[in-house]
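Please read the briefing below alongside the sequence and the structure. The points are grouped by topic.

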Amino acid sequence: MIPRHLFSTLLAWWCVTFLAAAQTPPRISPDYNGITLPPNIAPLNFRIEEPGQRFQVRLHGAQGQAIELTTRAEVIIPLKPWRALLEANIGGALRVDIATAAPGGGWTALGTITNRIAREPVDGYLTYRLLRPLYNVFTHLGIYQRNLSEYAEKVVLDNQSFGKGCVNCHCFLNQRTSPMLLQIRHRGAGNPMLLAQSNQVTQVSRAFGYSAWHPSGRLIAYSANKLSLFYHTTGETRDVYDEESNLGLYWVDRNQLEIPPVISRRDRQETWPAWSPDGKWLYFCSAPALPLERAREIRYDLQRVSFDLATGAWGEVETLLSAADSGLSAAQPKPSPDGRFLMFCLCHHGHFPIYQPSSDLYLINLATRQIQRLETINSPEADTWHCWSSNSRWVVFSSKRMDGVFARPYFTYCDAEGQFSKPFVLPQRDPEFYSSFLRTYNVPELTIEPITIASEQWVEAIQAPRRAVKPQPDPRLGGGQTMSVEVDSITSGTKPVEGPSPSKPQ
Amino acid sequence: MADSQEIRYFAGVHPNRPNWSRLDVLGTAALGLAAFGFFWWLDPALQYLCRMPQFYPDAAFLREFTARPGGLVAYAANYLAQWQPTAWQGALIAALLLLIVCALARLACGWANAPRRFPAFLVSALVLLAARYDYAWLETALGLVLWLGGVLGFEAVPLRWGPIKWLCSCALVAVIGWLAGSIPGGALAAGFFLSEGVGGKRWGLGAACGLSGAVIAGVLFRFDSGLTMGARVFSRSNWVVWLGVILLLSWAAGWLMEFALEQWCKRRLAPVPAKPKSAAPAKSRPAPKPAQWPAWFGRAGEYAMVLAVFLVAAMTVEQSQRSRLEMERCASRQDWAGVLDWAKQAGPIPKPMHLQLHRALYHQGLLLDQLFAWPQTSAFVLLPGPEAGFQVWPVLSATLLELGQPNLAEHWAHEALEVGGERPDLLLLLAKINAVKGKLPAANVFLNRLRQCPAGRDQAAAAGREISEPSTEILRLRALKVNSDYPASRIPVSVLLQQALLANAANRMAFEYLMAHYLLSLKPELAAKHLGRFKDFQVKTLPRHIEEAVLAAQREALLKTQIPPEVDMAGFTIRPESRQRFERFIQLLAQHKGDVVAARPALAREFGDTYWFYSIYETTAGTPAGLKLEKSP
């Protein structure tokens, strides 16, 4: 009796193990398994991380022509059949069957990877800054744009083309590329902001830090920070200390600066401005001023203040999430274009999450004020620099999850309930691209159209601008308000240069 | 005659095509052998180490070279340089390039009726340049090949109509100029002028080709940020001056010798005119044949001259530069004895090598015995910062890693990477730093990049093995890692060393560096406070410089308080010979009545390698030439 029981138990155990093994999808790199992908994404080329020399790969859905490939471990999917397959299966599943060549001939199935194709496309273009992990010195960096439905990468502005200056944050209005702005640091031109509109670039002789367009396009909220880079001897090496920061407005139509007292308090450091899609709220982060020695104690609250564009009136500052309650520091608030959600970072301290492995993405449901940590998309490394697509269904963000050093752009799908899918990395032609790419993806921003301004136009606007304006100072304030700021190459923020020290309005 | 030339021209046989004699074959073979031997002796691995050219077979890397004139030649040169780390391969490539330049120059001269000594001149110039380790030799040689190829291509074009030939010359200047840079482009324009104008007597066409080519080269010059050829020659006048002098003198001497030989041959080989036996009219007699200069004589002289240039180049090789590169090579292999040996011959030691010297002294157990036997000044600190310059940062990073500060090491390695590019040594260093920090995926990213560089594949494979199954070295460095944070934009040297000691009291390097730092920053009293720590490292006799510092500190305290100070010697004693030397030092100083300026020569002779001398003059006087590398018993 006992042997019979033992036999049946062993058999059951073997069956369970076998079935589990058979259902374990094969390992591939990058991890494109169990993801939701947009119907307009470039082929997700991958490498099979299973033993074997030759593989048979079959990509198929309920509809359309399947793609069958016999290949080595690197799977390169042809573009046209891929597009057709995605289009035919929008809203459905995309399955990838993988088999390996058996020693005696024939194929041994390794399993199936099942992904879902979303109904909603992601915005077609991704603009990002590529740079090495920088400290104090920089020689080569630039802004690039990628067409997401293929692999073509276009140089928007490479710093080699204008004397190795620094090109900082790019900022778009309503996911369109006109108008857009770029922050520049250049020995000859100073630290101007370049404002591109209707295929013309205007040099604005004024440095801005983190900027955000008001949805009307009439004004820009910006931060003026006094940043410095410092180093830790344990953990993440780099960190940023913001000694002093304020928010201000630049009225594009009036070419005038305004420093509203409510967002530039003397006792607070305000930074990371972001407008709500209706333009009635300005979201930002704010913390009390502390010295560098207490850098690890500096934690920012997430706040907002109402704004009336017609009258220019401000409401009372409202705290959405206090650092005292969360024990963490908030940064980079980004409302979704449909106005339902606000995504932001929380990290251990400070305001610069990309240098904080503790940085994770959180979501506030603006209707219910409910805050959730986005477990499905966060990782043990820094997750930050997020951006919504125009349809509020996709989010791209930078994550260092692959290796802890280099940030890569990841996409995630957000359903109507605010649930996010497993993120996947921006596909590349070479599936092993990220394993040896020594540049980091900074500030990935989605747009629905490509940037049409040629690189030469940007360079001309820096070196010999045809159109240049100097913003008028805030008439309510005296000379002390000429806050002189220098854009920092590492942090993309600003820091003061010679001139009167930043003054705070009373 | 013209018709027959045309026919040969169209048949692909140039009328002035040089013939190859047995002498030429022998001479070329000798030249090739001499070149190979010479380049091997120069050691291409050192040339590679000096410039560390990078090459990655990807489109993004290629794009960096296609954006400027001359970039593609630099790209090709970087590719060829990947063979330099293996000396014989590098030598073979260099020798072949030299022969190609020689052969093309001969062809070009034959066709363009240029001076026949020109090929020898080019080859000699290349040989002399090769002796300068930091010169972009491969780029120059490839630029010359393209330039000569352009001249030959122009000559080979079977075109009779001037305007077409002019257009062809413009296209060639543009193409070669883009490939090789504006200087070869300009030289090509000059070549066309010489070839058509001077050689072919078609002055109009020659001037048109030369002028338009010069304009194109000028336009390219505006975008030629690399200036692959020539820029370095003009930017480094110190050695260029004497190089030019050597070249000119040797050539002048050569031509003078040739002229003298020609005259000698004319006199010796000319038949003595016979006296007329009769008064018959002279015109009926055939005129005596003029003396014949043996055809092989001049050519043999050229080959001999080129071979002599190898000797000149070998004699004028920058030995100090070579020694410094050898130091670097030894340091990369952690052959610390070798570093010290080469340092003795290196002359003034540049800053990066200074850091390597300190590392070598530590690893040889000589840091606190021989520190002041080597050139030191208070201006150069033990662990400098950004002001020391990019060249220092990789060594600084490696030193900080060894000291147990991987974060600070990471900082400087990344700064160096940004400035120096993806150099194999930096990738290796960053992989090691990340492995020590426990970030294996990041370490692998750097190693994967290194694997793509032909010269780095083996290193990457070896490092990959070290990292995947942590080697004793990685484990040792992990054990030394600091475990406390000190957030700052710049950490004082003493703090970072003390922090390392706090994390691991057995970190001997941090301790010795801390002592050395106290000595170099003239704080002997702080060094004297830590004598007990020497016992932790099983030191039985205090190192020489520590004894000197203790004696100096005692005397200083005595002079200040007039009371003999009490120093906790922690069971150590100062050796009698050290006390005697100190007394002698004080005596010498007293002889000059405390006039340190007057006393300097005498003190430098006897005490130039001591802390005492350094403490007065903030520099050392000892020369390492006769130094015995022995530590205290």
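A:Glu74 is partly exposed at a relative accessible area of 26%, where partly exposed lies between buried (under 20%) and exposed (over 50%), taken with a 1.4 Å probe on protein chains only. The model is predicted, so local features need pLDDT of at least 70 and side-chain atom pairs count only at pLDDT 80 or more, while totals for chains, interfaces and linings use all residues. Residues are numbered from 1 along each chain as its sequence is written, chains are lettered from A and ligands numbered from 1 in the order in which they are written, and side-chain values use heavy atoms, leaving out hydrogens and water.

**Salt bridges**

- A:Glu74 forms a salt bridge with A:Arg47, with the closest N and O atoms 2.3 Å apart; the term means a side-chain nitrogen of Lys or Arg within 4 Å of a carboxyl oxygen of Asp or Glu.
- This pair links strand β6 (residues 74-75) of chain A, which holds A:Glu74, to strand β3 (residues 46-48) of chain A, which holds A:Arg47, 27 residues apart. (Strands are DSSP runs of E of at least two residues, helices runs of H or I of at least four, numbered from the N terminus.)
- A:Arg47 is partly exposed, at 24% relative accessibility.
- B:Asp609 meets B:Arg544 in a salt bridge at 3.6 Å, N to O. B:Asp609 lies in the loop between α31 (596-607) and α32 (611-617) of chain B and B:Arg544 in helix α29 (residues 544-561) of chain B, so the pair ties together parts 65 residues apart in sequence.
- B:Asp609 also forms a salt bridge with B:Arg581, at 3.8 Å between the closest N and O atoms.
- B:Arg544 is buried at 15%, whereas B:Arg581 is partly exposed at 28% relative accessible area.
- A network of salt bridges links A:Arg132, B:Asp58, B:Glu418, B:Glu422 and B:Arg449.
- Over all chains the count is 44 salt bridges.

**Strand β15 of chain A**

- In strand β15 (residues 200-204) of chain A, 4 of the 5 residues are buried, so the strand is largely enclosed by the rest of the structure.
- Strand β14 (residues 193-197) of chain A runs antiparallel to β15(A), joined by 5 bridges; pairing requires at least two DSSP bridges between two strands.
- A:Gln203 in β15(A) stands opposite A:Leu194 and also opposite A:Ala468 in β34(A).
- β15(A) and strand β34 (residues 468-469) of chain A run parallel, with 2 bridges.

**A loop serine**

- A:Ser264 sits in the loop between β19 (256-258) and β20 (268-275) of chain A.
- A:Ser264 is buried, with a relative accessible area of 0%.
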